[in-house]
Amino acid sequence: MVLVVMYLYYNVFIFVQNQNVSFQDVTSQSQQLDADRNSEHVSFSDVVCTHGIGNNYIVAFTVSNTGPIPVQLIRIWGADSENEYTSQKLSIVLQPGAKSSETIVFNLGGSMSDIVMWVVTARGNLVSTSTKVA
Amino acid sequence: MAKSCRRKNILTVLNFRILVPKMLRKLLFDKRAVSVAVSTMIITAGVIAMGIAVLYWTYSWGNMANKQYVDNMQTGSNAMEERISFECISYSSSSKNLTVNLLNWGKAKNTGIARIYIWDNNHEPVGSYSGSDLVLKDITTNEPIQGNVLDIGNEGYITFNVGLALDPYGNNSYFSIRVVTQRGRSFDGSFVKL
């Protein structure tokens with residue numbers, strides 16, 4: 001009888017222990033997500049925007065990963081002074097210290113003097129820049 | 001011959017009347033076991049049957065408790081790993097539509113949006129939107145996302161009509177927005193009415 005009770009108790013104990021370990025794993029992963037997100041540092045440089053044909057605006061820029069962890073850029077958004085937005089999908093992975101020069105064509109209505117754009121990282125960070133249309 | 005036959009019949013009836021009550025009496029009122037072995041077997045069988053019934057009952061309850069515990073743990077874990085980011089929030093003064101572009105950058109699958117709250121600069125409630133107002137659409141294809149949920153790494157947007165809620169506020173007014181997921185997590189963002 002004692003053995004049976006001990007056997008049952010042991011099983012319950014192991015089950016609860018397993019669940020606690022799983023929960024601890026999730027907590028750690030969750031904290032790591034936030035830590036990684038806060039470690040991301042991306043910067044723009046050499047941003048040049050020129051007016052193309054029609055409503056097309058050609059934006060050339062260099063994006064650098066100045067943080068300690070790899071960064072994936074998944075989308076770039078552009079907005080004009082008339083509150084119109086457009087976006088394009090990106091797939092750029094930057095290792096720490098790496099740079100990448102890109103050229104994007106935005107289709108935004110009307111003539112404008114400034115353009116605001118920002119990239120979205122896979123960890124949900126937004127990095128923005130703005131430039132005058134040349 | 002006939003006389004002897006009748007006598008035999010009378011004796012048989014008498015024997016039956018005397019014997020049967022005697023056997024019944026013995027069976028009902030005799031406290032001695034038929035046999036020790038048989039009684040032990042009957043008791044053992046009864047105990048085993050009861051034991052199996054109790055074991056099955058406790059096993060069923062244990063199984064249900066186990067399932068409920070695991071489900072609760074899973075729900076809590078998924079909620080903890082949910083992360084939503086605001087890619088772009090835009091308001092159209094002409095159509096009174098607010099468009100909220102979202103990214104699920106967490107580790108939880110099937111993140112659904114249950115409610116959206118908006119506050120003004122003084123943290124006065126401007127509106128709350130839920131139910132059929134909130135239809136997630138794909139940013140690239142503009143098609144409704146199947147299941148109305150965002151999978152891991154997926155982007156989507158919600159466009160809903162805010163009516164006259166933002167009309168009293170002038171241009172460049174600042175608003176806070178809160179997205180509440182179906183698992184109960186909330187994520188805050190902000191936008192400016194241009």
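In the predicted model, B:Lys137 stands opposite B:Tyr157, a residue of strand 7 of chain B. Strand 5 of chain B, which runs antiparallel to strand 7 (residues 155–161), is joined to that strand by two bridges. Both strands belong to an open sheet of four strands in chain B, arranged in the order 1-2-7-5 with antiparallel pairing. Strand 1 (84–92) and strand 5 (136–137) of chain B form the edges of this sheet, each pairing on one side only.

A further set of pairings involves strand 3 of chain B. Strand 3 pairs with strand 8 (residues 173–181) of chain B in the antiparallel sense over six bridges, and within this pairing B:Trp119 stands opposite B:Ser176 of strand 8. Five bridges, again in the antiparallel sense, link strand 3 of chain B to strand 4 (residues 125–130) of chain B; here B:Ile118 stands opposite B:Gly127 of strand 4. The hairpin of strand 3 and strand 4 of chain B has five residues between the strands, and B:His123 takes a positive phi near 60 degrees in this hairpin. Strand 3 of chain B is also joined by two bridges to strand 6 (residues 149–150) of chain B, the two running antiparallel, with B:Leu150 of strand 6 as the bridge partner of B:Thr111.

B:Phe175 is located in strand 8 of chain B. The residue counts as buried because 22 C-beta neighbours lie inside 10 Å, the threshold for burial being 20 or more. Apart from residues up to four places away in sequence, B:Phe175 touches B:Ile118, B:Trp119, B:Asp120, B:Val126, B:Ser190, B:Phe191 and B:Lys193. Two of these contacts, B:Ile118 and B:Trp119, are the residues already described as standing opposite B:Gly127 and B:Ser176, respectively. By contrast, B:Asn63 lies 112 residues from B:Phe175 in sequence and 49 Å from it in space, C-alpha to C-alpha.

Taken as a whole, chain B contains two helices and nine strands, which follow one another along the sequence in the pattern α-α-β-β-β-β-β-β-β-β-β. Of the contacts in chain B with a separation of 6 or more, 57% are between residues 24 or more positions apart. Buried residues make up 15% of the 194 residues of chain B. Helix 2 (residues 36–80) of chain B is hardly covered, with a count of one buried residue among its 45 residues. From its first C-alpha to its last, helix 2 of chain B reaches 65 Å, close to the 66 Å expected at 1.5 Å a residue.

Chain A also has a helix of this kind. Helix 1 of chain A comprises 38 residues and reaches 54 Å from its first C-alpha to its last, close to the expected 56 Å at 1.5 Å a residue. The number of buried residues among these 38 is one, so helix 1 of chain A lies largely in the open. Chain A is divided into domain 1 (1–39) and domain 2 (40–132); the C-alpha centres of these two domains of chain A are 43 Å apart.

The two chains meet through 18 residues of chain A in contact with 19 residues of chain B. On the chain A side, the elements giving two or more residues are helix 1 (2–39), strand 3 (71–79) and strand 4 (85–94) of chain A. Helix 1 of chain A gives the most, with eight residues. By residue class, the side of chain A that touches chain B divides into seven nonpolar, eight polar and three charged residues.

In soluble globular proteins, nonpolar side chains tend to be buried together. The largest nonpolar core of the model holds 27 residues, of which A:Tyr57, A:Val59, A:Ile115, A:Val119, B:Val100, B:Leu102 and B:Val179 touch the most other members. Two or more residues of this core come from each of strand 2 (56–65), strand 3 and strand 6 (114–121) of chain A, and from each of strand 2 (97–104) and strand 3 (111–119) of chain B.

Definitions and conventions:
Residues are numbered from 1 along each chain as its sequence is written. Chains are lettered from A and ligands numbered from 1 in the order in which they are written. This is a predicted model: local features need pLDDT of at least 70, side-chain atom pairs count only at pLDDT 80 or more; totals for chains, interfaces and linings use all residues. Two residues are in contact if their C-beta atoms, placed from the backbone, lie within 7 Å. Ala, Val, Leu, Ile, Met, Phe, Trp, Tyr, Cys and Pro count as nonpolar, Asp, Glu, Lys and Arg as charged, and the others, Gly among them, as polar. A nonpolar core is a set of buried Ala, Val, Leu, Ile, Met, Phe, Trp, Tyr and Cys residues joined through C-beta atoms within 7 Å. A residue is buried if 20 or more other C-beta atoms lie within 10 Å of its own, exposed if 12 or fewer, and partly exposed in between; C-beta atoms are placed from the backbone. Domain bounds come from an automatic or database domain assignment. The expected span of a helix is 1.5 Å times one less than its number of residues. Two strands pair if DSSP finds at least two bridges between them.
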